[in-house]
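Please read the points alongside the sequence and the coordinates.

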Amino acid sequence: MSNLQFSFKNKSAVVTGGAQGIGFQITLSFLQAGGNVTVWDYSEAALESAKKELASFKDQVQFTQVDVTQKDSCEKAVQALAWPCDVLVNNAGITRDKSFGKMTFEDWNDVINTNLTGLFNVTKTLSEKFNTASAHKRIINISSVVGLYGNFGQTNYAAAKAGVIGMTKTLGKELGRKGFTVNAIAPGFIATAMTQAMPKETLDAMAAKVPVARLGSTSDIANAVMFLASEQASYINGAVLSVDGGLVI
Ligand code: NDP
């Protein structure tokens, strides 16, 4: 649970990929801070499981199956929104890792379509549905340290995540006058279901590369999202916040 004392009472967030992993923790943190959340996720199983886990927040949370790569799917989800949106967290993402020589056109297209075009689809369709009364409209994009520094085996992912940063800075310039701030978070190594399946030696080797000597938690990312979404962060715009324990110093 987040120790930060931000209140999102009477505010609503849309969290893409919000049914599992980092997105689930972001959803939970908003709910615990009194906000309403619409979870947009592709995975039917994850949506069902999140619905059960969040049963105690049932009046504050809406679940919609959405494919962010499909404009029509986003438009349909926007029509179904239970609340006007104050905060959008573009978190949905996938990896299809291979060295450049082995990477297929499909690997490239899947990752760009989800991690970059998906952000455009969601932000574009949702931007008209933001709460016009809100003086603190927020867009928070989940990038990656890989988008800043590249990574072996992730040409597609690094390009998409670097693209997210370019989009964040541009939207920060374009939408600032309309009451938005637009920022990105660049997570480092974060412990999720995926890392739980890795051998202990691999995890120890990853942690050893991080100056604070541990992997990040999903709460580390959710806490940063809460801050950037808060009224207190209203003068932060177009920033990329690395949440990586100093991995890329
Ligand atoms: P997860 O795979 O745990 O969760 C991502 C969610 O997004 C899944 O539920 C997934 O559904 C959903 N999703 C995928 N494609 C789509 C789509 N087309 N439309 C809607 N939803 C979709 O990922 P993480 O929690 O690990 O990562 C969250 C974000 O953080 C991503 O953007 C990732 O790139 C970024 N990140 C993660 C790091 C980490 O160490 N975990 C490090 C740096 C950045 P499904 O299961 O069906 O694919």
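1. K71 has a relative accessible area of 48% and is therefore partly exposed; the term covers values between buried (under 20%) and exposed (over 50%), computed with a 1.4 Å probe on protein chains only. The model is a predicted one, in which local features need pLDDT of at least 70 and side-chain atom pairs count only at pLDDT 80 or more, while totals for chains, interfaces and linings use all residues. Residues are numbered from 1 along each chain as its sequence is written, and side-chain values use heavy atoms, with hydrogens and water left out.

2. K71 pairs with E75 in a salt bridge, with 3.5 Å between the closest N and O atoms. The criterion is a side-chain nitrogen of Lys or Arg within 4 Å of a carboxyl oxygen of Asp or Glu. Both residues belong to helix α3 (residues 71–79), where a spacing of 4 residues corresponds to about one turn of the helix. Helices (H or I, at least four residues) and strands (E, at least two) are DSSP runs, numbered from the N terminus. E75 is partly exposed, at a relative accessible area of 34%.

3. How many salt bridges does the structure hold? The count is 6. Side chains of opposite charge can pair when their charged atoms come close. One of these pairs joins D204 and K200, with an N to O distance of 2.7 Å. D204 and K200 lie 4 residues apart in helix α8 (residues 200–208), about one turn of the helix. D204 is partly exposed at 41% relative accessibility, whereas K200 is exposed at 56%.

4. A further salt bridge links E231 to K11, the closest N and O atoms being 3.2 Å apart. E231 sits in the loop between α9 (218–229) and β7 (240–243), and K11 in the segment before β1 (12–16), so this pair ties together parts that are 220 residues apart in sequence. E231 is partly exposed, with 44% relative accessibility, while K11 is buried, with a relative accessible area of 17%.

5. N183, in strand β6 (residues 180–187), is buried, with a relative accessible area of 1%. A polar atom of the N183 side chain lies 2.8 Å from the backbone nitrogen of A239. When residues up to four places away in sequence are not counted, N183 touches a set of residues including I139, T168, L228, I236 and A239; contact here means heavy atoms within 4.5 Å.

6. Q65 belongs to strand β3 (residues 61–65) and is partly exposed, at a relative accessible area of 45%. The residues touched by Q65, leaving aside those up to four places away in sequence, are D41, Y42, E44, L47 and S73. With Y42, the backbone oxygen lies 2.9 Å from a polar atom of the Q65 side chain. Q65 and G245 are 180 residues apart in sequence, and their C-alpha atoms are 33 Å apart in space.

7. C74 is buried at 0% relative accessibility, and C85 is buried at 1%.

Conventions
Polar contact = N/O pair within 3.5 Å; in protein donor to acceptor, adjacent residues only side chain to side chain.
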